[in-house]
Amino acid sequence: MVLVPYVLLQAIVIPLLASALSVLVGKKLGPKMGWLTGGILIYQTALLALACLDVWQGHVLIERYTWTSSPGVSLYLVADGLSAPTALIMSLICTCLAFYSIDYVRYRVEVLYGRGEAGDTGSERCYAFYYALYPFFSVGLVGLALSWDIIMIWFFMEVPIIAFYFLIDLLGYEDRHKIALLCALWFITASTLFMLGALMAYVELGDPSLSALPALVGKPLVRWACALMALGLLVKAAVFGLHVWIPWVHANTPTSLAGILASYANMATYVLARTLVLPLPDILKTFSTPLMAWALLTMVYGALLTLAQDDVKRLCACSTISQISYSLLGVASLDRGAVAGGIFYMLSHCLGKAILFSTAGLIVYRTHERDIEHMGGLGRLMPKTAVLWAVGSMVLSAIPPLSGFQAEIALFSTLFSSTTGDPMKLAIAICGVLATALTAAYTFWPLKRIFMGSSRADLKSLREASASMSIPLIMLAVASALIGVWPGLISELLSTAS
Amino acid sequence: MLAGWAMALPWIAILTPMSGALLSALLWRTRAEKLFSIVGISSSLVSFTASCILAYIAWAISPVELKATALWAPGAPLCLLLDPLSLFTAIVVSFTAFMIMLYSAGYMRGEPGQARYWALMCAFLSSMLLLVFSGDLITMLVGWKLVGFCSYALISHYYTDEPERWVGGPPPEPMYPPSHCGLKALLTTTVGDVMTLSAIFIIYAYSGSFVLTTLYDTAGSWLTALARVPGMLALTSILLMGGPLSKSAQFPFHEWLPEAMAGPTPVSALIHAATMVKAGVFVVARFLPIFYTGLHSLGLWEASAFFFTAAYLGAITAFLAAAQGCVASELKKALAYSTMSQLGYLMLGLGASGLSVEPASGMAATFYHLAAHAIFKSALFMMAGIAIHVAGTIYMDKMGGLKKILPTTWLLTLVLISSLMGVPPLSGFWGKDAIISLSLHVGLIAPFVLALMTVPLTAFYTTRMLGLVFHGREEKAQREERPLYLLLAPLAVLSIGAIVLGLSAPFLMGSLTQSLQSSLLTYKAIEVLSPSASALSEAGAPWQGATNSQELIISASSLAFIAVAGWAACLIYVKRRIRPEVLLARAPLLRRLRSALRMRLGLNSAYYIMAGLILFLRRSVRAVERCLDTFLNSWIPRAVEKMASAIRKLQTGHLGYNLAYLATVISALMLLLAMGVV
């Protein structure tokens with residue numbers, strides 16, 4: 001057992017301390033507030049690592065704190081094989097990107113609001129505002145992973161939306177005010193659909209905990225509840241037809257938050273697995289094959305859409321559409337092993353996407369250019385950045401020793417095993433594997449276009465981004481490599497849950 | 001059982017170059033050129049030594065399976081398999097790589113990106129050895145994918161794409177920058193990889209295991225289950241061949257290899273001789289016992305798809321590539337075509353072996369030829385590196401007369417090309433002849449004819465190469481600034497190797513056959529199920545029955561073809577008695593054929609047409625996206641806005657209207673109450 005008391009509660013609440021500190025001293029500290037926030041988030045990550053260690057030893061950590069007795073909503077937190085690694089990876093991404101934010105936010109503030117003089121309260125207020133809201137992501141994503149209560153899941157789904165809205169509005173790209181509104185509207189619509197379904201389930205069961213959900217079978221509203229929850233989650237997972245928010249929102253989010261946004265979208269598949277697939281597989285049986293086909297369509301469409309991009313940030317954004325669908329494919333198969341594989345893939349993708357997107361941010365940060373057509377030859381000028389892009393591409397393209405390879409094996413081996421009796425599902429699974437060839441195309445082709453060839457004359461004096469921006473990404477790459485070399489770290493945990 | 005220290009040997013062979021790679025990568029800032037080369041050479045030497053000691057210890061007791069407790073995937077322990085196939089291939093790979101590393105020390109002096117180069121070369125060797133020693137499919141895939149990635153990165157070594165680094169041409173033939181060539185290699189092989197990956201998942205779904213020995217032992221049960229779904233076994237066989245065909249540059253996935261020479265010459269040597277292209281052949285051999293069991297022991301005819309695919313596509317590639325080699329203008333491109341052609345023989349050898357009741361002798365011949373090819377091809381690439389630098393051009397027709405400047409290189413090349421064209425008793429003769437004989441023996445008539453027709457083409461392009469580079473009028477040569485002894489020493493060792501290997505062919509192939517036979521018989525499915533198990537253990541190698549008139553005729557025809565085609569090429573390109581331009585002017589058909597072959601029979605263009613189709617699809621996707629985006633992000637918000645505007649009109653602010661609304665609502669409520677609805 002872990003020696004730290006209330007470890008899960010602390011993991012949820014501690015980041016709020018960073019918010020409070022930012023409100024109090026953020027203006028005074030300015031960009032340095034990032035170090036403080038990062039430090040606090042390191043503590044959160046350490047707590048979750050301890051929790052993972054405990055789960056690894058075969059325990060399940062459960063903490064329950066009653067919030068309201070009527071209706072009976074409680075902060076019901078569970079760290080098991082599925083939630084503990086998910087929460088840890090989410091926390092790790094938020095922590096690393098907090099450090100990445102330090103220089104990045106300074107740059108965006110300067111670009112948008114001008115170089116503030118010492119004591120310029122306008123720009124210092126931006127830093128305070130940013131770091132006051134940033135911990136909300138950590139709270140939301142870790143809360144989503146650990147919650148064992150559908151109402152609380154909805155609550156934690158809402159928490160990051162507030163932060164996304166304000167921070168895109170503050171530091172986003174293009175028409176950022178409109179993009180922030182677009183983001184909020186899509187996310188709130190999705191959350192509302194989920195909430196309606198969750199409330200229906202609650203009305204039927206009188207108990208919002210996930211343990212009670214299997215009793216929903218046979219209740220009159222069960223199909224409606226499931227359909228609404230699933231629809232809400234599919235909007236967040238950006239499946240084909242419901243994905244149109246991603247190219248705008250994801251591409252124009254401040255780059256320090258893009259990895260988090262990808263993780264937030266990915267968490268939809270985790271929640272789908274947690275709230276619907278694992279407790280109610282019989283209800284979803286009819287929808288399994290269509291959902292898998294939908295995931296396959298999204299994979300291919302998303303990949304082609306990514307290939308169609310010339311904007312480096314939009315390219316990364318569109319690849320999220322395709323990648324989330326791999327996790328969805330595993331989850332939609334309803335097989336417990338494939339669900340675990342799908343979650344493994346999701347975690348790997350979150351790491352890879354955080355690296356890739358943040359590297360795109362480094363490029364934009366240094367070149368002030370988003371159009372790939374105007375790039376080329378940056379490898380010689382920014383070799384570290386080129387290596388980071390290659391690492392991100394390798395994660396997504398499932399090239400060992402990074403986590404993407406093992407995640408792909410974990411996903412497809414279990415998926416194929418579960419589809420042997422079903423030719424349609426097997427055909428979808430085969431097409432899914434074949435579609436992965438497109439991933440290599442849309443990650444390595446831009447690598448060539450951005451980093452190889454001759455460079456533009458005006459970029460000859462280009463320098464690498466600062467260590468505070470690249471080291472966090474290296475840490476994420478190390479985490480990905482660690483999982484890639486020792487996949488049991490994740491797969492054994494996930495298999496206990498499945 | 002292996003002793004404890006001996007069990008560490010395969011890991012030493014694999015991990016030493018990987019450690020070298022990490023060291024070079026970590027020390028990239030130091031720019032210590034010599035240190036990098038020392039790391040590369042010494043780590044490959046350690047790998048070679050470890051492989052040799054391992055083979056000495058484990059050859060007699062193989063197959064030995066080493067399992068680690070670490071889990072790759074659920075139910076998949078990390079496994080190494082030491083059997084004659086892996087031990088033999090490991091020696092070939094590590095020896096060739098060691099020679100190439102030695103050559104690199106001289107060749108790469110002063111070149112850009114030293115740390116990257118040496119790190120990737122070491123990683124390349126390590127990945128290939130991991131693939132070779134792998135005892136489970138996950139480990140094999142790790143090696144497989146890393147080999148692909150390293151080759152991509154090394155082909156793109158000169159990624160800044162200076163015009164002098166471009167390959168292809170001369171105009172009007174297209175020229176390609178190194179970064180393009182690397183990407184082409186990566187994407188083409190990825191297409192094959194995903195096919196193989198899907199087949200591996202199908203196999204796992206039915207067998208429940210990734211471990212090779214388990215797959216061999218239980219092949220009877222899971223293959224039967226797989227064959228219950230009509231077409232499934234054939235589909236799995238064909239999908240499985242995708243990766244090997246693309247890695248080994250076989251038709252129709254072969255078009256990446258001619259451009260793979262954009263990397264430094266030692267990289268080309270390593271790709272063509274020791275790693276990458278050999279990986280495909282090795283993996284086919286690894287799966288051979290499974291499909292052999294399916295075909296011969298279980299009578300599942302769909303399993304033959306695996307062997308027919310290998311045999312037919314191998315033979316087609318052997319012939320087509322040799323024909324293209326006859327007209328290639330670049331020296332390294334001619335060698336690339338030669339590699340494709342020779343690998344076609346290897347694929348044909350494995351296909352024919354699987355169709356034969358007695359597969360061991362065919363496999364032995366194939367792997368003997370693999371070793372022979374590794375030696376003479378790596379040496380020929382080394383020669384190409386020297387010739388290109390001295391001549392200052394990549395085009396053969398702009399070279400000539402180098403014999404006077406490089407007499408030792410010429411002499412060594414003569415030995416090597418004689419081996420390549422299959423002159424007895426050099427190493428290129430034995431394996432190739434055995435493969436051609438075997439293809440006829442198992443009734444593969446069309447592949448046999450294609451393979452036999454490849455023999456004169458091989459003789460022609462090799463003599464042409466020798467003539468164009470070393471003979472004829474002396475072109476303006478540059479001074480070679482690199483230390484020639486460092487470049488020539490490995491070339492000389494390899495040339496001697498080609499002779500020694502040729503002279504020891506009967507002994508080596510016999511020993512390999514015996515070992516492969518006993519190794520195959522240890523697998524339960526083959527041992528228990530095969531009706532011909534006893535025949536298998538007693539069968540002799542095809543060349544042992546050389547008294548057979550059929551095989552004698554094949555060998556004689558093969559030699560006659562070599563003599564005729566070699567003489568013809570000698571007249572044109574060495575003695576220069578006939579001018580090729582005159583010949584082409586007189587024979588329009590020949591001219592058209594030459595131009596079609598130079599245009600790569602349109603196959604290269606087909607790749608770009610497919611890429612163009614994907615680019616066209618991008619436009620369609622953009623159009624679809626625009627429609628969806630307009631509908632969901634513009635029309636719906638606009639509709640909501642219009643509704644809001646319409647409703648806003650009701651909010652006039654006049655007291656009269658407000659009272660009227662209130663009266664209406666109250667009346668409606670009262671009505672509902674009266675009706676008992678509320």
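1. The contact between the chains draws 41 residues from chain A and 39 from chain B, where a contact means C-beta atoms, placed from the backbone, within 7 Å. On the chain B side, strand S1 (64–73) and helices H5 (137–155), H6 (178–207) and H26 (603–650) each supply at least two residues. H6(B) gives the most to that side, with 14 residues. Helices (H or I, at least four residues) and strands (E, at least two) are DSSP runs, numbered from the N terminus.

2. A word on provenance: this is a predicted model, with local features needing pLDDT of at least 70 and side-chain atom pairs pLDDT 80 or more, while totals for chains, interfaces and linings use all residues. Residues are numbered from 1 along each chain as its sequence is written, and chains are lettered from A and ligands numbered from 1 in the order in which they are written.

3. Chain A has 18 helices and two strands. Along the principal axes, the C-alpha atoms of chain A fill a box of roughly 65 × 50 × 40 Å.

4. Of the contacts in chain A between residues at least 6 apart in sequence, 80% join residues at least 24 apart.

5. Cys183(A) touches Phe164(A), Tyr165(A), Ile168(A), Trp245(A) and Val249(A), leaving aside residues up to four places away in sequence.

Conventions:
Contact = placed C-beta atoms within 7 Å.
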